[in-house]
Amino acid sequence: GVPIAMALAPDGQGMAFSMVNVTGGTADTRLTFLDLDAENTGTDKVVGAFKYPEALYPELTYLTQKEVCAFGDTGMEFFSLADPASPKLVQSVPHEKKVRSAFTAFGQACIIYENEDGGSELVFFDGDGDRGLSYELDFEYSQITCSGGYLLIYSEERCFITGKSGQLVYNGTFSGSTYQMVVTGMHTLLQIGDYGMREVKLKG
């Protein structure tokens with residue numbers, strides 16, 4: 001197989017690969033888990049493998065030390081590594097709608113789905129694959145940033161911000177065109193745009 005994605009555990013003792021095999025014009029994916037702990041003295045470090053026919057999983061990430069999410073073209077796979085030597089599939093979550101963006105924030109998997117009316121829906125999933133908070137996004141975003149305890153989704157004119165637990169912090173417009181937003185401290189952002197730079201204070 002050909003590796004298309006790799007993720008390393010936060011402590012460096014585990015690794016996950018997404019491998020693609022193409023046979024007869026059909027692509028299959030195998031998600032493979034390795035235990036790199038020094039106490040695992042066996043020559044074969046592979047501790048688990050899961051095959052998905054006719055599916056691609058181009059992104060893998062450790063949400064926590066014991067939780068892995070695989071983002072695919074048809075859905076997401078959530079795995080538990082409570083026992084590093086025996087990874088288990090916890091839940092398969094098919095995509096509800098067309099996906100615009102997929103990323104992680106604060107130990108959660110996040111999907112932005114495209115709505116039929118042209119807007120978007122942001123949905124949070126926990127490490128078990130259970131659906132959490134969701135928000136409607138009624139603007140065309142251009143950037144997504146996760147930093148300093150905040151998730152920022154914004155365009156030149158609009159900004160949507162949540163905190164670590166997914167709670168809404170701000171959803172509104174800018175004055176002037178904004179090119180970049182940088183988290184500089186607790187409740188503090190630096191806004192860069194055609195007006196230069198200015199500090200923005202968020203309500204605690």
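Mentor: Glu77 sits in strand E7, which covers residues 75-80. Strands (E, at least two residues) and helices (H or I, at least four) are DSSP runs, numbered from the N terminus. Glu77 is buried, yet no salt bridge is formed by this residue. Buried stands for under 20% relative accessible area, exposed for over 50%, and partly exposed for what lies in between, with a 1.4 Å probe and protein chains only. A salt bridge needs a side-chain nitrogen of Lys or Arg within 4 Å of a carboxyl oxygen of Asp or Glu. For Glu77, the nearest side chain of opposite charge belongs to Arg30, 14 Å away. In counting charge, Lys and Arg are positive, Asp and Glu are negative, and His and the chain ends are left out. Glu77 does have a polar partner: its side chain makes a polar contact of 3.4 Å with that of Tyr52. A polar contact is a pair of N or O atoms within 3.5 Å; within protein, one atom must be able to donate a hydrogen and the other to accept it, and residues adjacent in sequence count only if both atoms are side-chain atoms.

A word on the source. This is a predicted model, in which local features need pLDDT of at least 70 and side-chain atom pairs count only at pLDDT 80 or more, while totals for chains, interfaces and linings use all residues. Residues are numbered from 1 along each chain as its sequence is written, and side-chain values use heavy atoms, with hydrogens and water left out.

The predictor's confidence in each residue, from 0 to 100, is called pLDDT. For the protein its mean is 91, and 97% of the residues reach 70 or more. Where pLDDT is low, the predicted coordinates should not be read in detail.

Now the whole. The protein has 19 strands and zero helices. It has 204 residues, of which 43% count as buried. The C-alpha trace spans about 60 × 40 × 30 Å along the principal axes.

Glu77 has no salt bridge, but the structure holds five of them. One joins Lys97 to Glu121, with 3.0 Å between the closest N and O atoms. This pair links distant parts of the chain, 24 residues apart: Lys97 is in the loop between strand E8 (88-94) and strand E9 (99-105), and Glu121 is in strand E11 (residues 120-125). Lys97 is partly exposed, at 30% relative accessible area, whereas Glu121 counts as buried at 9%. Glu121 also forms a salt bridge with Arg131, where the closest N and O atoms are 3.1 Å apart. That pair again links distant parts of the chain, strand E11 with Glu121 and strand E12 (residues 131-137) with Arg131, 10 residues apart. Arg131 is partly exposed, with a relative accessible area of 41%.

A further salt bridge runs between Arg158 and Asp138, with the closest N and O atoms 3.2 Å apart. Arg158 is in strand E15 (residues 158-162) and Asp138 is in the loop between E12 and strand E13 (143-147), so the pair ties together parts that are 20 residues apart in sequence. Arg158 counts as buried at 17% relative accessibility, and Asp138 counts as exposed at 57%. Elsewhere, salt bridges with shared partners join Glu96, Lys97, Glu121 and Arg131 into one network.

Strand E11 also contains Ser120. Ser120 counts as buried, at 0% relative accessibility, and its side chain has a polar contact of 2.8 Å with the side chain of Arg100.

Two C-alpha distances show how sequence and space can part ways. Ser147, in strand E13, is partly exposed at 28% relative accessibility. Gly25, in the loop between strand E2 (14-23) and strand E3 (26-35), counts as exposed at 73%. The C-alpha atoms of Gly25 and Met186 are separated by 51 Å, and the two residues are 161 apart along the chain.
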